[in-house]
Amino acid sequence: MQFQDSGQACELIDMLTVLLMSIFAGFLGALTGLGGGSIMIPVLVAFDVPVKYAIAASMVTIIATSSGSAASYVRERITNVKAAFYLEMFTIIGAIIGATITSFIRPRFLYFFFAAFLLTSFYGLSGRMREDFPKRLRQDRFSKWLELKGSYYDQAVRKTVRYKMTNAHLGGLGMMVAGLAAGMLGIGAGAFKVSIHELILKMPSKVSSTTSNFIIGITALAGASVYFASGLLFVGLAAPMAVGTTIGAVAGGRVLNRLPNRFVRYLFLVIVFVLIVQMLYKGIALP
Amino acid sequence: MKRIPGEEKLELAISYILIVGVLLSVAIEAVGIVAYYSSNRNLSIVFQPNLAMSGADFFGYTNSVIQGILLGTWTPMQILALGIILLMITPYLRVVASVIYFGFAKNTKYLFITLFVLVVLTASLLAH
């Protein structure tokens, strides 16, 4: 492993710059369910922070982003905690494997993986912008055994939405892949998790993004534990990021339930598009 | 649609663990950043291998940071590290809370599910 900047002070940014940028990233990250990390990594590499350091710091930061807004979603009972407990078994295994891969892989690959990964989530959601709430469905036996159902009060449409989930076995496998990508790229992989929740498990949009948010904290801890052991974790970078993203994420969490599902989706699509372009550019421009 | 009434209590407990853990760690990190500035007169981010969080396993590292702070030999970097440690412990604690809850609720299914998560995380934090 080698880092072009190792042993030097980062010239382009300091803790204050990181703090301010993170507030904005945290706000957008919470609204879209992307998490502040996937927005901050492309920003940090644009300022010449070595990509592995950015990934490791982001991984820790995500714990704050996730937990800060998850706290209010869980209390408002939008999050389905049982689904989260079941699914995080898979994401933590994936995250540990993913973070281990990143500790050894060449940095250039990470830019392309980052872009490619975001691309998959972009396609997953853009195809079904109209369907807001899933219709009644029959649960398979395994999903029923796992008690995967729930209800929440949706402020945008002013009614209680009841729902059941299905395909728990496939959902688990999908979440393992999501965890792998999350651990590898230092992101929450919220985009991918939301796609799995909605397309495979058939969760309603808001349950899906808040449950994904909740799972991200544990997945990030699993990844962070590997980066900690690999010596890639720098507190000077992680601390201001964590402070900034948390402030932004709490603010974003307060706004989310008042927004229509469709607006949340469009915002998500626009941000994902910008991030893909930035990482592709960085990967190609790398000397 | 029925829900076990106690599940709301778990959700409330989780919610408190998350919010208290995050607020406390963010507060400590903010203090750490101020302490860093007052001792260095700048806020530059230095990437030096010996400044990375490492050494022993996570629990051993945590122990050394806490000892440094208790003995009064702390550095601003250790305050920042303490904030990050607290942040990492926060989701860990909510898993512990869930294991305890499902143990008391005699929900074997979810006891094993949450216990699995706890064991894997503990093992990963012990590695170095």
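Biologist: What share of the contacts in chain B with a separation of 6 or more comes from residues 24 or more positions apart?

Modeller: In this predicted model, that share is 66%, where two residues are in contact if their C-beta atoms, placed from the backbone, lie within 7 Å. Local features need pLDDT of at least 70 and side-chain atom pairs pLDDT 80 or more, while totals for chains, interfaces and linings use all residues. Residues are numbered from 1 along each chain as its sequence is written, and chains are lettered from A in the order in which they are written.

Biologist: What makes the pattern of chain B α-β-α-α-α?

Modeller: Chain B has four helices and one strand, and that pattern is their order along the sequence. Helices are DSSP runs of H or I with at least four residues, and strands are runs of E with at least two.

Biologist: How does the radius of gyration of chain B stand against that of a compact globule of 128 residues?

Modeller: The radius, taken over C-alpha atoms, is set against a rule of 2.2 Å times the number of residues to the power 0.38. The globule would have a value near 14 Å, but chain B has 18 Å. Its C-alpha trace spans about 60 × 30 × 25 Å along the principal axes.

Biologist: Which residues of chain B are called buried, and what percentage are they?

Modeller: A residue is buried if 20 or more other C-beta atoms lie within 10 Å of its own. Such residues make up 40% of the 128 in chain B.

Biologist: How many residues of chain A are in contact with chain B?

Modeller: There are 57, in contact with 51 residues of chain B. Helix 3 of chain A gives the most to this side, with 10 residues.

Notes. A residue is buried if 20 or more other C-beta atoms lie within 10 Å of its own, exposed if 12 or fewer, and partly exposed in between; C-beta atoms are placed from the backbone.
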